[in-house]
Amino acid sequence: MQPTATVLVYSDDSNTREQVRLATGRRPAADVPAVEFVECATPGAVIKELDKGGVDVCVLDGEAVPMGGMGVCRQIKDEVFNCPPVLVLIGRPQDAWLATWSRADAAVTLPVDPVEFASALASLLRRKALLGA
């Protein structure tokens with residue numbers, strides 16, 4: 001993995017994207033690289049960014065409209081070669097089974113809890129580093 005990690009954040013809500021940025025800070029944990037963000041507000045923009053390559057982890061808002069993050073997750077897991085790990089933001093803990101259906105690698109609830117979110121993101125970045133090594 002590069003000295004910085006690229007995290008794609010998909011949500012139609014700019015406040016949700018801001019919550020993700022603030023919860024992450026410069027780096028979610030001391031043993032993972034600093035983070036740079038690519039923000040997307042539409043599913044098409046997500047696909048376009050993933051086609052460019054260089055994304056280390058995707059954070060997808062399960063409550064986004066017109067297409068929720070779980071639907072986007074399932075689509076990219078099917079269509080994107082070497083799809084990066086995906087963290088899905090879910091509206092309530094009971095929706096965790098839907099995140100499993102979408103093939104998300106991790107799920108955290110909204111509103112974003114900074115400690116829970118940073119821990120989940122750091123775990124996915126570590127996993128990505130191990131798989132890339």
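This is a predicted model: local features need pLDDT of at least 70, side-chain atom pairs count only at pLDDT 80 or more; totals for chains, interfaces and linings use all residues.
View 1. Asn82 sits in the loop between α3 and β4. Its phi is positive, about 55°, although Asn82 is not a glycine. Most residues other than glycine have a negative phi.

**View 2. Arg103, another non-glycine residue with positive phi.** The loop between α4 (96–101) and β5 holds Arg103. Here phi is about 75°, and Arg103 is not a glycine. Arg103 is partly exposed, with a relative accessible area of 33%.

**View 3. Two cis peptide bonds.** Most peptide bonds are trans. The bond from Val65 to Pro66 is cis, with omega near 10°. Pro66 belongs to the loop between β3 and α3 (69–79). The bond from Leu110 to Pro111 is also cis, and omega there is near -10°. Pro111 lies in the loop between β5 and α5 (114–132).

**View 4. The open sheet.** Five strands make up this sheet, in the order β2-β1-β3-β4-β5, with parallel pairing. β2 (34–40) and β5 (106–109) are the edge strands, because each pairs on one side only. On average, neighbouring strands are turned by 25° against each other, direction ignored. Strands of a sheet pair through backbone hydrogen bonds. Seven bridges join β1 and β2 in the parallel sense. Across from Leu8 stands Val38 in β2.

**View 5. Helix α1 against the sheet.** α1 lies across β1, β2, β3 and β4 (86–90). Relative to β2, α1 runs at about 175°. The buried residues of α1 are Thr16, Arg17, Val20, Ala23 and Thr24. They span an arc of only 130° around the axis, so they share the same side of α1. An α-helix has 3.6 residues a turn, so residues three or four places apart point the same way.

View 6. Asp13 caps the N-terminal end of α1. One of its side-chain oxygens lies 2.8 Å from the backbone nitrogen of Asn15. After α1 comes Gly25, with a positive phi near 70°.

**View 7. Arg21, a partly exposed residue of α1.** Arg21 is in helix α1. Its relative accessibility is 29%, so Arg21 counts as partly exposed. Leaving aside neighbours within four places in sequence, Arg21 is in contact with Phe37 and Glu39. Ala34 is 13 residues from Arg21 along the chain, and their C-alpha atoms are separated by 12 Å.

**View 8. Asp61, an annotated residue at β3.** Asp61 is in strand β3 (residues 57–61). An unreviewed UniProt entry carries the annotation "modified residue: 4-aspartylphosphate" for Asp61. With a relative accessible area of 3%, Asp61 is buried, because buried means under 20%. Leaving aside neighbours within four places in sequence, its contacts include Tyr10, Asp12, Gly68, Gly69, Leu89 and Leu110. Thr16 and Ser11 are also among them.

**View 9. Ser11 beside Asp61.** The loop between β1 (4–10) and α1 (14–24) contains Ser11. Ser11 counts as buried, at 0% relative accessibility. The side chains of Ser11 and Asp61 make a polar contact of 2.7 Å. Not counting residues up to four places away in sequence, Ser11 touches Thr16, Arg17, Cys40, Ala41, Asp61 and Ala64.

Definitions and conventions
Residues are numbered from 1 along each chain as its sequence is written. Side-chain values use heavy atoms; hydrogens and water are left out. Helices (H or I, at least four residues) and strands (E, at least two) are DSSP runs, numbered from the N terminus. Buried means under 20% relative accessible area, exposed over 50%, partly exposed in between (1.4 Å probe, protein chains only). Contact means heavy atoms within 4.5 Å. UniProt positions are given in the numbering used here, feature names are shortened, and annotations may be inferred rather than shown by experiment. A polar contact is a pair of N or O atoms within 3.5 Å; within protein, one must be able to donate a hydrogen and the other to accept it, and residues adjacent in sequence count only if both atoms are side-chain atoms. The arc is that of the directions from the helix axis to the C-beta atoms. Two strands pair if DSSP finds at least two bridges between them. Axes are lines fitted to C-alpha atoms, for helices over the stretch in contact, and angles run from 0 to 180 degrees between N-to-C directions.
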